[in-house]
Amino acid sequence: MRKKRAKQGMSNSAIAGVDLGGSDSLATILSPGGEVTDRFSFPMSEEGYALFSNRVSRDTRVAFEATLMAYPFSRRLGELGYTDITVA
C-alpha cells in the first residue's frame, strides 16, 4: 500500500505578496489554496503599516521583492509581530 505524499511547497497558512513602492504599496492576500482573498493598497507610513496589520493576520507568510523599501518594511513587520517574512 502506498502512502500519499504531501504536496511540496504548499503552505497551510495564507500568503501576502507585497509590491513595495516608495510612497504606496499593493498587498495581495492568497488563501492556503491559492485563491485571492483580498487586495489593497496602503501608504508606506505608520498609518499604512497599521492598515496592513489590521487586514493581514500575524500568522500569514509575507513575501516581497528586495528593493530600497525592503529593509525598513521587513523591520517594521517584525516589530508588528510577523515572523514568516521572505525577501526575494
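Residues are called buried under 20% relative accessible area, exposed over 50% and partly exposed in between, computed with a 1.4 Å probe on protein chains only. The model shown is predicted, so that local features need pLDDT of at least 70 and side-chain atom pairs count only at pLDDT 80 or more, while totals for chains, interfaces and linings use all residues. Residues are numbered from 1 along each chain as its sequence is written, and side-chain values use heavy atoms, with hydrogens and water left out.

**View 1. The open sheet has five strands in the order β3-β2-β1-β4-β5, with mixed pairing.** Strands (E, at least two residues) and helices (H or I, at least four) are DSSP runs numbered from the N terminus, and two strands pair if DSSP finds at least two bridges between them. Strands β3 (36–43) and β5 (85–87) stand at the edges with a single partner strand each, so one side of each lacks a neighbour in the sheet. On average, neighbouring strands are turned by 20° against each other, direction ignored.

**View 2. Strands β1 (residues 15–19) and β2 (residues 24–30) pair in the antiparallel sense.** Five bridges join β1 and β2. Ala 16 stands opposite Ile 29 in β2.

**View 3. Helix α1 (residues 46–55) packs on the sheet.** Helix α1 touches β1, β2, β3 and β4 (61–64), where contact means heavy atoms within 4.5 Å. The direction of α1 makes about 165° with that of β3; axes are lines fitted to C-alpha atoms, for helices over the stretch in contact, and angles run from 0 to 180 degrees between N-to-C directions. Helix α2 (residues 70–79) lies across β1, β3, β4 and β5, running at about 170° to β4.

**View 4. Asp 38 and Arg 55 meet in a salt bridge through their side chains.** A salt bridge is a side-chain nitrogen of Lys or Arg within 4 Å of a carboxyl oxygen of Asp or Glu, and by this rule the count is four. The N to O distance between Asp 38 and Arg 55 is 2.8 Å. Asp 38 lies in strand β3 and Arg 55 in helix α1, so the pair ties together parts 17 residues apart in sequence.

**View 5. Glu 46, Arg 76 and Glu 79 are linked in a network of salt bridges.** The side chains of Arg 76 and Glu 46 meet at 2.9 Å, N to O. This pair links helix α2, which holds Arg 76, to helix α1, which holds Glu 46, 30 residues apart. Glu 46 is partly exposed, with a relative accessible area of 45%.
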